[in-house]
Amino acid sequence: MGRKLILVVLLVLSLAGMVMAAETKPVQLALFNPIQMVPKADSIKGVSLGLIYAANQDVTGFSFVFLGVNEVNGNGNGVEWGLGNWVEGSFHGWQDGFVNHAGTRFVGLQDGIVNVTEGDFTGAQLGIVNWTEGFVHGTQMGLFNYATGRFIGFQGGAVNMSKGQFSGAALGIVNYAEGSVTGFQGGIVNSAAEMHGFQLGLVNYTKSLDGLQVGLANYNGNKDPLEFMVFVNWSF
């Protein structure tokens, strides 16, 4: 009987600990972690305000750190303002800061100097460097735009790069696609593994053309009907 009682007590304490660990609070006030009102392991649903560094599990609502970083170890929803906004999981909403990061998925707007999403992205990235490692459905606008997965939408910047299939428009000084492009490339140098559409620039390059090239130098690797032409090249 004594052993059963001990086991029951331990089980109750364990469940209580799990409930406490998953506790959600409406307000966070932080100087820097761990000097903050709500512990890092808890979640916030409401408002999180910090001076240098605020960290929590999941955050839903409005987060603002005046001189530092918002850190979310789980998922975030809402608005994040700070010098840096770092979410390990997914984020739905608006991140605005010098550096913005989402770990698994982002839906909304990333607005800053460096914007990074390690998973799929839906929405707009506006910054100096925009980097997405998953599927992109939306817009990247900055000096350097990079996407590793499938891209559907618009890239506008000095250098636009995509590694997967690209559908839409890329407008910049250099547009480089390692995969196939369906749509439009406009810039000084345009390059695509396969081009299904229109390339407009000084130098246009593709290994396989199904469309039109207009520029000073136009190369079509499939040589149908011509491999190289000045001013204009085509293959349909």
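Start with the holes: this structure holds two cavities of 30 Å³ or more. A cavity here is a set of points on a 1 Å grid over the protein atoms alone where a 1.4 Å probe fits but cannot get out, and lining residues have an atom within 4 Å of a point. Grid points are joined across faces, edges and corners, and a volume is the space filled by probe spheres set on the points.

Before you click further, note that this is a predicted model: local features need pLDDT of at least 70, side-chain atom pairs count only at pLDDT 80 or more, and totals for chains, interfaces and linings use all residues. Residues are numbered from 1 along each chain as its sequence is written, and side-chain values use heavy atoms, with hydrogens and water left out.

**Stop 1: the largest cavity.** Select Ser-48, Ala-54, Ala-55, Asn-56, Val-59, Ser-63, Asn-70, Glu-71, Val-72 and Glu-80, which line the largest cavity. The space inside comes to about 50 Å³. Colour by strand next (strands are DSSP runs marked E of at least two residues, numbered from the N terminus). Strand E3 (43–56), strand E4 (59–65) and strand E5 (69–72) each supply at least two lining residues, and E3 has the largest share, with four.

Stop 2: Select Gln-155, Asn-160, Ser-162, Phe-166, Ala-170, Asn-175, Tyr-176, Ala-177, Val-181 and Gln-185 to see its lining. Strand E13 (151–162) and E14 are the elements giving two or more residues to it, and E14 gives the most, with seven. Five of the lining residues are nonpolar, five are polar and none is charged.

**Stop 3: stacked rings.** The whole structure has 12 aromatic pairs. Rings of Phe, Tyr and Trp (its six-membered ring) pair if their centres lie within 6.5 Å, and planes under 30 degrees apart count as stacked. Show Phe-91 and Phe-106: they are stacked, 5.5 Å centre to centre with 20° between the planes. Phe-91 sits in strand E8 (residues 90–102) and Phe-106 in strand E9 (residues 105–117), 15 residues apart. Both Phe-91 and Phe-106 are buried (under 20% relative accessible area, 1.4 Å probe, protein chains only). Phe-121 belongs to strand E10 (residues 120–126), so its pairing with Phe-106 in E9 ties together parts 15 residues apart in sequence. Phe-121 is buried, as is Phe-106.

For one aromatic cluster, select Phe-62, Phe-64, Phe-66, Trp-81 and Trp-94.

Stop 4: Most residues other than glycine have a negative phi, and most peptide bonds are trans. Go to Asn-33 and Pro-34, where the peptide bond is cis with omega near 15°; Pro-34 is in the loop between strand E1 (24–32) and strand E2 (35–36). Another cis bond joins Asp-224 to Pro-225, with omega about 5°. Pro-225 lies in the loop between strand E14 (166–220) and strand E15 (228–235). Lys-223, also found in the loop between E14 and E15, has a positive phi of about 60°.

Which phi does Phe-231 have? A positive one, near 75°. Phe-231 is in strand E15 and has 57% relative accessibility, so it counts as exposed (over 50%).

How values were computed:
Rings of Phe, Tyr and Trp (its six-membered ring) pair if their centres lie within 6.5 Å; planes under 30 degrees apart count as stacked, over 60 as edge-to-face and the rest as tilted. On a 1 Å grid over the protein atoms alone, a cavity is a set of points where a 1.4 Å probe fits but cannot get out, and a pocket is an open set with protein on both sides within 12 Å along at least five of seven lines; lining residues have an atom within 4 Å of a point. Ala, Val, Leu, Ile, Met, Phe, Trp, Tyr, Cys and Pro count as nonpolar, Asp, Glu, Lys and Arg as charged, and the others, Gly among them, as polar.
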